[in-house]
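Please keep the sequence and the 3D view at hand while reading.

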Amino acid sequence: MSRSGTLGSKLYRGEISIDFIGKRRRWYAFSGALIVISAIALSFQGLHLGIEFKGGASFSVKQAGVTVAAAQEAIASTGIKTEVITQTIGTDKVQVQTGVITTAESQMIQDALAAKFNVNSNSIDTQLVGPSWGADITHKALYGLFAFLFVVVLFLSLAFEPKMAIAAIIAVVHDLLITVGIYALVGFDVTPATVIGFLTILGYSLYDTVVVFDKVRENTRGLTGGSRMTYSQAANHAINQTLVRSMNTSLIALLPVASILFVGAGLLGAGTLKDLSLALFVGLATGTYSSIFVATPILASLHEREPAMQALSRRVASKGNQGTKANGETDAVLVETKARSSQTSSAPRNQPKRKNKKKR
Amino acid sequence: MARANTPTSSRPGRSLLVLLAIFVILGATAVIQGASSVKLGLDLRGGTSVTLQPRIVAGQKGKVTSAAIDQAVAIIRQRVNSLGVAESEVTATGSGTNRQIVISVPGDTGRRIVQLVGQTAELRFRQVLVEGAPGLAPAPSASPSPSPSTSASVSATPTPTAKKGKSAPHAAGTASPSPSTSPNPTVGPSVSPTATPPTTATSLPADVTPAMVAKYNALDCTKLINRQGGGGDDPNLPLVSCDRNGTAKYILSKAEVLGSEIKSASAVLDQTGGGGWMVLLNFNGAGTTAFANVTSRVVGLAAPQNQVAIVLDGLVVSAPRIISAITAGSAQITGNFTQTDSSDLANVLKYGALPLAFDSGEVQQISPTLGADQLHAGLLAGAIGLFLVLLYSLLYYRGLGLVSVGSLAIAGGLTYLFTLVLGKTIGFTLTLAGIAGLIVSIGITADSFIVFFERLRDEVREGKTLRSAVETGWVRARHTIIVADAVSLIASVLLYFFAVGGVRGFAFTLGLTTMIDLLIVFTFTKPLVTLLVRTKFYGGGHPLSGLSPDRLGAKTSMVRAPSTAQSSVQEA
C-alpha cells in the first residue's frame, strides 16, 4: 500500500502528472484507428451470431463415451438436411447445433440422439429457436440501447452538465464500437447474453466516467473567476487525481467478471456465463481506457470552445512564460497545455488546488 | 474545514439501527412467509421453458391485442395446470401487445409441454371437397406406399351404425402394413388416395376455384415444413391443407362447425372399436344443429365429398366418412392416440382455442443434471470472485479493507433475504444469468467503497484530521456514488424492460444489488468508518489501518508540526 499510496498522493498533488489531455490527438488517433479496424472487421467478417439470432436448435447429451462421429451419425440417420455443427465439451458431453428446424424435426433429432447414446430423450438438453426470434430480440436490444443513451444523456445533463453528458455518451459509443469490433475480429459467438453484456458495459463505462467527471467538475468550479489554469489543465489534474481510484474500481470490477469467465468457460463451455462475462471483460477494459483517454479529453475540447474558457486560456497564457503563443485558438491552447504540463509540479499548480478546496 | 465539525450525518448509531431494523423486518417477513430457500430458475434445476411470440395471421381479423394476449395466457395456464406439475408458471413478459408468453414447467415433461401450449387448438369441422396423395405430382394411380391414411371416425356415439374406420399408422410415411381392417365391408376403404388429379376430377364442387386447385397441386404434404399448422385459417373460406401425418392432402369447404361450439371434451377408451384412445366431444346447441346439418347434407354425396374433416390448427386430424346424419350432438375424434395424446387433446379442446396464433420463439429444455452443474459453476464463480475482491481490498486498503469485507458481508446477507422475500411476494426466481448479475454486482458494490475510501484518503492528504476527513470526504464521495449508482440503476431498469427471457434475471439482480449498495454505503459503511476513526487503531493512523497520514503522504499530519508541513509544500 505504501508505495502506491505515495504514488497516489503524488498524483493527487500534481507532483507526478501524466499529460492525458494535452496529448489528446494521439489518443483520438489511437481510438479512431481502433474504430476503423472494428468497422472493417465488422463489414468484412461480420459477427458470429449464435442460434438465438439466426434461429436453429442445439442439443447436448451428457453421457460417458460420446463422440462427434456418433452424434453426426445419429443426425444423418434422421435424414434432416440442415447444417450441423458438432463439438464435444469435456469428455462426456457432446453438443450439436443445427440450422432452423421445426419442432417435429427437433423431436426426431432428440429421439435419434437418445437412441444412439442410450439415454432418455428428456435428459437431452435442447434449445429450439424460431427464425424470427433473433430479429425480435435484436429490435428489443436496439430499443434498449437507444432508450438507455437517451435517458443517460438526460440524467447526466441534470446531474452534471450537458457537455459532460455528450462526452460521456461519445465514450460509451466508442466502447461499444470497439467491443463489437473485437467480437467481429476474434469471432466470438454473439448470443443474447453477449448483448446483455454489451448493454451492461454501457452502465459500467459510465460509472468510471462519472467518477472522473465528478472530480473534473469540482476542480473546474469557479475556474473562470481566476487565471490560474485552463479548463484542460484542471481536467487533466482531475484525471491524475482519480487515476488510482479508476484503476482500483476497474480492477475490483474485473476480478469477479474474470472469475465468472474462468469458471463458466472452464466448467460449462459455451453458455450464458461465458458469453456474459466475456463481453463484460472486453467492455470493462475499453471502458476504463475511454473514461480517461476519450471522455475527459472530449469534455475539455468541448469546453475550450466556450468564449469564457478561451478568455481564461489567454489569461493563463499571458500569466505564464509562454504568453506570446496564446491567441485564444484551441490549437494554441493545446500547445500551451503541453508546455505547461511538461514543467513538472510547479508551485502555482498546487496552489489553486488548495484554494479551491478550502473555498468550500 | 470548518464545515467538517458540524456534519449532519455524524450519527452513526442511528444509521446502524436503521439497517438493523431493515434486517429484522426482512428476516421476520421471510420467516412469516415461510420462505426458507431461494427459488431457483429452471436453468438451475432442470425443466422446460417455452417462449411464445404472438403472430399476426394474414387474412384474419383478429389483431394482436393486449386483451387477446391476456386471454391466451389464461387459456395456456389452464392447459399447463391440467398437467398437474407443481410450480409451473405461465407469464406474459414485456408490455402491451409486444409481449411474449413464457411458460416454464420444472421437471422432465419436455416435449409434451411444447405441444400442449403451442397449439392454438382451433378445431374446425370442414367438408372434404378434394382428397389426394400427399406428394407434389398428382400421381395418376394409387401407389401402394401412401396407404389410406386418414383414420378416424365421427359418429354419433349412441348410434354405432355410423361407426366405420380403420386404424392407420400414426407415424407419417412409415407405411407400416396395417391394412384397413374395416369392420363394415360395405364401407370399404373410404379414402383411397387414387389421387385423381383435381383438374381432371369428374365433379368438382362449385366453390373450388382454380386458384385453390393450383395451390393444392403445389402443396407437398410429404415435407414436414408444410405440416406445421398453427391455425389462423379463416373459417369462412375453403382451406387447402395436409393431413397432419402427411399421408394425404385436401381441399376443404369453409368451416361448418367451430371449436367454440364444443361444450365438453374428454378422453375415453374406445370400447367398441379397436380399443384405442379417443376424444369424445359434446356440442352445445348451435354446434349440435350445425353438425347435424353438415352430416345430413354430405351423407348422400359421392366420395370423397361425403367425408367431414376434423381440422385442428389448420391440419387434418382425420376425415371420416359420414354414413348417417348425426343429430345427437356428439362426435369422436380417433387417430391412433395414446392415452396421453388423447387426454392432452381433450384438455386443449376443453379450455378453448387460443385467440392468437403463436410462434414458439424459443424452447429450452434443461435436464436436472445440467441444472445442477450450472448452479455449481455459478456458486463457484461467485465464491472465487468474492474471495479475490476481498483479498484485494485487504491488501490495498488494510484496515479499511476490513470495512469493505464487513460491508460486503452485510450486502450479501441483505441480498439473500431480499431474494427469499421477493421469491414469495413477486415470484422472483434466481436464474444463471441472475447469479451472474449477483457476482458482477460484487464489483460494483466494492467500487462505491473504493470511491469513498479514496476520497477519505484525499482529504487526509489535504492535511485534515481523520475525523473531519471522514465527514468532508463522505459529502463529496456521496455525490459520486449516488450519480454512479443512478446510472447503474437506469441501465438495469432499461435492460429489464427490453431484455427477453433469462437475461432479465441479470438485470433484476443487478438493479436489486445496486439499491442494496446504496443502502449499505449510507447505513453501514459510512457510519462504521465514523465509529472506527474514533478508535485508537484507525483514528491514530496506525500503519495497518489504511489511513496513516504518513503513508498517504499527507501535507500536514496530526503528528507533525505545522511548520514542517509548510516547508514541505514550498519544496514541492
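## The model and its confidence

The structure is a predicted model. Chain A averages a pLDDT of 77, and 86% of its residues score at least 70. Within chain A, helix 2 (residues 24-44) has the highest confidence, at a mean of 90, while helix 12 (residues 330-342) has the lowest, at 41. The pLDDT is below 50 over residues 322-360 of chain A. That stretch still has 60 contacts in the model beyond near neighbours in sequence.

## The two chains

Chain A contains 13 helices and six strands. It has 360 residues, of which 52% count as buried. Taking the contacts in chain A between residues at least 6 apart in sequence, 76% join residues at least 24 apart.

Chain B has 572 residues, and 51% of them count as buried. Its secondary structure consists of 15 helices and twelve strands. Among the contacts in chain B with a separation of 6 or more, 75% are between residues 24 or more positions apart.

## Where the chains touch

Contact between the chains involves 71 residues of chain B and 73 residues of chain A. On the side of chain B that touches chain A, the elements giving two or more residues are helix 4 (111-118), strand 12 (357-366), helix 8 (368-397), helix 10 (432-461), helix 11, helix 12 (503-532) and helix 14 (549-552) of chain B. The most comes from helix 10 of chain B, with 15 residues. Sorted by class, this side of chain B has 39 nonpolar, 20 polar and twelve charged residues.

## Helix 9 of chain A and helix 10 of chain B

Two packed helices are described by the angle between their axes and the distance between the axes. For helix 9 (residues 231-268) of chain A and helix 10 of chain B, the angle is about 165 degrees and the axes are 9 Å apart. Because of that angle, helix 9 of chain A is roughly antiparallel to helix 10 of chain B. The crossing of helix 9 of chain A with helix 10 of chain B is right-handed.

On helix 9 of chain A, the residues making the contact are V244(A), R245(A), N248(A), T249(A), I252(A), A253(A), L255(A), P256(A), V257(A) and I260(A). Helix 10 of chain B contributes residues including A436(B), I439(B), V440(B), G443(B), D447(B) and E454(B). By class, the contact of helix 9 of chain A with helix 10 of chain B has 15 nonpolar, three polar and three charged residues.

## Helix 6 of chain A and helix 11 of chain B

Helix 6 of chain A takes part through residues including K140(A), Y143(A), G144(A), F148(A), V151(A) and F155(A). From helix 11 of chain B come V483(B), A486(B), V487(B), I490(B), A491(B), L494(B), L495(B) and F498(B). The contact has 16 nonpolar, one polar and one charged residues.

## A helix pair within chain A

Helix 4 (residues 68-78) and helix 5 of chain A have axes that come within 9 Å and cross at roughly 135 degrees. Helix 4 and helix 5 of chain A are therefore oblique to each other. Helix 4 of chain A crosses helix 5 of chain A in a right-handed sense.

A70(A), A71(A), E73(A), A74(A), I75(A), S77(A) and T78(A) of helix 4 meet M108(A), I109(A), A112(A), L113(A) and K116(A) of helix 5. By class, the residues of this contact are eight nonpolar, two polar and two charged.

## Residue Q110(A)

Q110(A) lies in helix 5 (residues 103-117) of chain A. Is Q110(A) buried or exposed? Q110(A) is buried, because 23 other C-beta atoms lie within 10 Å, and a count of 20 or more is what burial requires.

Apart from neighbours within four places in sequence, Q110(A) is in contact with F59(A), S121(A), I124(A) and T126(A). S123(A) is 13 residues from Q110(A) in sequence, and the two are 9.7 Å apart in space, C-alpha to C-alpha.

Key:
Residues numbered from 1 in each chain as written. Chains lettered and ligands numbered in written order. Predicted model: local features only at pLDDT ≥ 70, side-chain atom pairs only at ≥ 80, totals over all residues. Contact = placed C-beta atoms within 7 Å. Helix = DSSP H or I, 4+ residues; strand = E, 2+ residues; numbered from the N terminus. Nonpolar A, V, L, I, M, F, W, Y, C, P; charged D, E, K, R; others polar. pLDDT = per-residue confidence, 0-100. Buried ≥ 20, exposed ≤ 12 C-beta atoms within 10 Å, placed from the backbone. Axes fitted to C-alpha atoms, helices over the stretch in contact; angles between N-to-C directions. Parallel < 35°, antiparallel > 145°, perpendicular 65-115°, else oblique. Left-handed = near helix turned anticlockwise from the far one by under 90°.
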